[in-house]
Protein chains: 2
Amino acid sequence: MKQNKKYFTCGPTELYPDIGRWLQEAIDQKLFSITHRGKEYENIFSGCVTELKALMNIPETHSIFFMSGATECMERIIENLVEEKSAHFVNGAFAERFYTTAKELKKEPYLLSADWGKGNDLSVDISKDTELICITQNETSTGALSPMEEIYALKDRYPDKMMAIDIVTSSPYVKIDFKKIDIAFFSVQKGFGMPAGLGVLIINNKCFEKTLEMKEMNFNIGTYNNFLNAYKYYTLNQNTITPNVPGIYLLWKVCEHLNGIGIEKIRKETEEKASLYYSELKNVNGIEFFVQEEKYRSKTIIVLNVGEKQKAIKEKLISEGYIVSSGYGKFKDTQIRIANFPMHGVEDCKKIIEILKKI
Amino acid sequence: MKQNKKYFTCGPTELYPDIGRWLQEAIDQKLFSITHRGKEYENIFSGCVTELKALMNIPETHSIFFMSGATECMERIIENLVEEKSAHFVNGAFAERFYTTAKELKKEPYLLSADWGKGNDLSVDISKDTELICITQNETSTGALSPMEEIYALKDRYPDKMMAIDIVTSSPYVKIDFKKIDIAFFSVQKGFGMPAGLGVLIINNKCFEKTLEMKEMNFNIGTYNNFLNAYKYYTLNQNTITPNVPGIYLLWKVCEHLNGIGIEKIRKETEEKASLYYSELKNVNGIEFFVQEEKYRSKTIIVLNVGEKQKAIKEKLISEGYIVSSGYGKFKDTQIRIANFPMHGVEDCKKIIEILKKI
């Protein structure tokens, strides 16, 4: 039974229309039966890495590690790069999870918090003993982003501290200068329009000096997915374990497809659609933007306060063929969150705006 | 381009023929776009758990946790259940990995080793302070199994010690009395004929008392996938993180399919095919069984010493349409390993035997 509604949810979200065809092609070629320790698989791995690096302009200084999701990325980052002190800018649920991850791993993280819906104040001072600065560049729970320029400025003030950014719902849209960013990570069920089950960690090879130091100091840096092991296999175009091959194969095909369109075009379209949401809904009665300061408003996750009409709005959208996300946590029943990813067409975006205006 | 060779490899291996169709059906229903925190997904989760429990006769005392693979299962088991002392029966590469995992996590595991190709001596005494006994029930690298009766006898001698068995390449064939087994785990790219990327951990809820104790003693039990968190979500028919939804969906469909055939029929067929390999190849010149003692010979992984003819044999098999695995580690160039999983038909098995006899 075909389902014809379109998912404008924050992820999992609408898939790229070719996902099914790409999977069937791989099955026909028996690519999910081949050994993950041979040339044929290495071609899939390096195909994926090459296309992803081209799409996101990732330099040779950085490696790509495949994980089971963004949450594993958080765990492995703390485990492998932090002896004791990470500093976390927290203004929503996913930044909070990164901070909690550090605590659960028995570290002593610093908390730099802002209210939900607000931007992070990246001009604050960071404690001298901080080893890693963690920023959720685009907070999926609230729709607040940290502008890349402010992130670079923070790095310029602390060039010797490592910096990790969560780009789960801003990639591949967000433009990153990897000369200034040590670590970034995302999962594929958001802007890459894929089924869930794969996380991608982009990391500057310089970071591994710290991992090696920690290993020599007898820290627990994890087992198969510690960064020294992951790097060893990365250089072989392989994974540490039998990986999610369909995920890696599909990411290759999706990146190839997006490179065909061109990342600058994707960015322009994303910004145009975001502008439509923010300009058209500005003065609509009963709708207000959760993120009030314009410069912190996410281009990819639009969060609207809609109050008690939330249920009716969601139902109306469904009846017109669109599924959006509810608010997160305590805003579950009073907000809607609309994803604005590359596969979300401008015509649909306009229709959603029209529906919202009429309520 | 269709590929028509059949994979008799130890995993990844031949897929079930319906995998592509099942994936497309899920995509048509947009099941990979839905939220993993809602009723619709919970139905997939509980469908999968119900069919798997029926197939493997897993009682209500045991929970199912989905991981990224068997290697993650090893890591999480040690992290959550061992303060200091696990005991590992090691007679091959995967048992060795389990043991190494414990060392990497800064535990002090006991090593009970046997030569590759030999069975484990499960009649030995286990140190009093052992918290968890780990057995690779079917060692994929060598084709040596530990008979379940011997595992039960060991458990009967040490009823208060937890026991974990690696059934990566023996499930779903292996018949397990879960009253005697606390923990078992496997990955889906072997006997379940699926693409890689999903591990399944079956665990007695009693084990969580130990995890709770360790948490209270301030041990590092990991973050999102610690067993207390995993159990909480399991009872909700959800996962700790956005999971590999295609993997869980396909496992549901594969288990449903296997339950349709009936597990007893699958066991009988597996044993018949194994008997063919072991009886027909017994006196063939130039071939000997790596596992000499009959009772330790795996029914699902047939390992043959073939010496310097290995390359020619593999090539001949390929020319006839069959791909088998090489030996593992130092036996890479002198052994072949043939998988005997439920999707491997008896006619193909007979043809492989005929080809091997002629060499």
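Mentor: What follows goes through the contact between the chains, then the sheets, then some loops.

Trainee: Before that, what am I looking at, and how is it labelled?
Mentor: This is a predicted model, in which local features need pLDDT of at least 70 and side-chain atom pairs count only at pLDDT 80 or more, while totals for chains, interfaces and linings use all residues. Residues are numbered from 1 along each chain as its sequence is written, chains are lettered from A and ligands numbered from 1 in the order in which they are written, and side-chain values use heavy atoms, with hydrogens and water left out.

Trainee: OK. How many residues of chain B are in contact with chain A?
Mentor: 51 residues of chain B touch 51 residues of chain A, where contact means heavy atoms within 4.5 Å.

Trainee: And how much area do chain B and chain A bury between them?
Mentor: About 4,300 Å², with 54% of it on carbon and sulfur atoms. Buried area is the accessible area (1.4 Å probe) that two parts lose on being put together, summed over both.

Trainee: Which residues in chain B lose the most area to chain A?
Mentor: Those are Lys30(B), Ser33(B) and Thr223(B), which together make up 13% of what that side buries.

Trainee: What is the count of salt bridges between chain B and chain A?
Mentor: There are 6, a salt bridge being a side-chain nitrogen of Lys or Arg within 4 Å of a carboxyl oxygen of Asp or Glu. One of them joins Glu14(B) to Lys30(A), with the closest N and O atoms 2.6 Å apart.

Trainee: Which helices and strands of chain B supply residues to that side?
Mentor: β1 (6-8), α1 (19-28), α3 (70-81), α4 (93-104) and α8 (245-261) of chain B each supply at least two residues. Helices (H or I, at least four residues) and strands (E, at least two) are DSSP runs, numbered from the N terminus. α1(B) gives the most, with 7 residues.

Trainee: Let's switch to the sheets. What is the strand order in chain A?
Mentor: The order is β2-β10-β9-β8-β5-β3-β4 in an open sheet of 7 strands with mixed pairing. Two strands pair if DSSP finds at least two bridges between them. At the edges are β2 (62-67) and β4 (110-113) of chain A, each of which pairs on one side only.

Trainee: In what sense do β3 and β4 of chain A pair?
Mentor: β3(A), residues 86-90, and β4(A) pair in the parallel sense over 4 bridges. Val90(A) has Ser113(A), in β4(A), as its bridge partner. Helix α7 (residues 227-235) of chain A packs on the sheet, touching β2 and β10 (199-204) of chain A, and its direction makes about 105° with that of β2(A). For such angles, axes are lines fitted to C-alpha atoms, for helices over the stretch in contact, and angles run from 0 to 180 degrees between N-to-C directions.

Trainee: What about the sheet in chain B?
Mentor: In chain B, 7 strands form an open sheet in the order β2-β10-β9-β8-β5-β3-β4, with mixed pairing. The twist averages 20° from one strand to the next. β3 (residues 86-90) and β5 (residues 132-136) of chain B pair in the parallel sense over 4 bridges, and Ala87(B) has Ile133(B) as its bridge partner in β5(B).

Trainee: Last topic, the loops. Where is Pro12(A)?
Mentor: Pro12(A) is in the loop between β1 (6-8) and α1 (19-28) of chain A. The peptide bond to Pro12(A) from Gly11(A) is cis, with omega near 0°. In chain B, the bond from Ser171(B) to Pro172(B) is cis, and Pro172(B) lies in the loop between β8 (162-166) and β9 (183-187).

Trainee: And what is the phi of Asn57(A)?
Mentor: Asn57(A) has a positive phi of about 55°, although it is not a glycine. Asn57(A) sits in the loop between α2 (39-56) and β2 of chain A.
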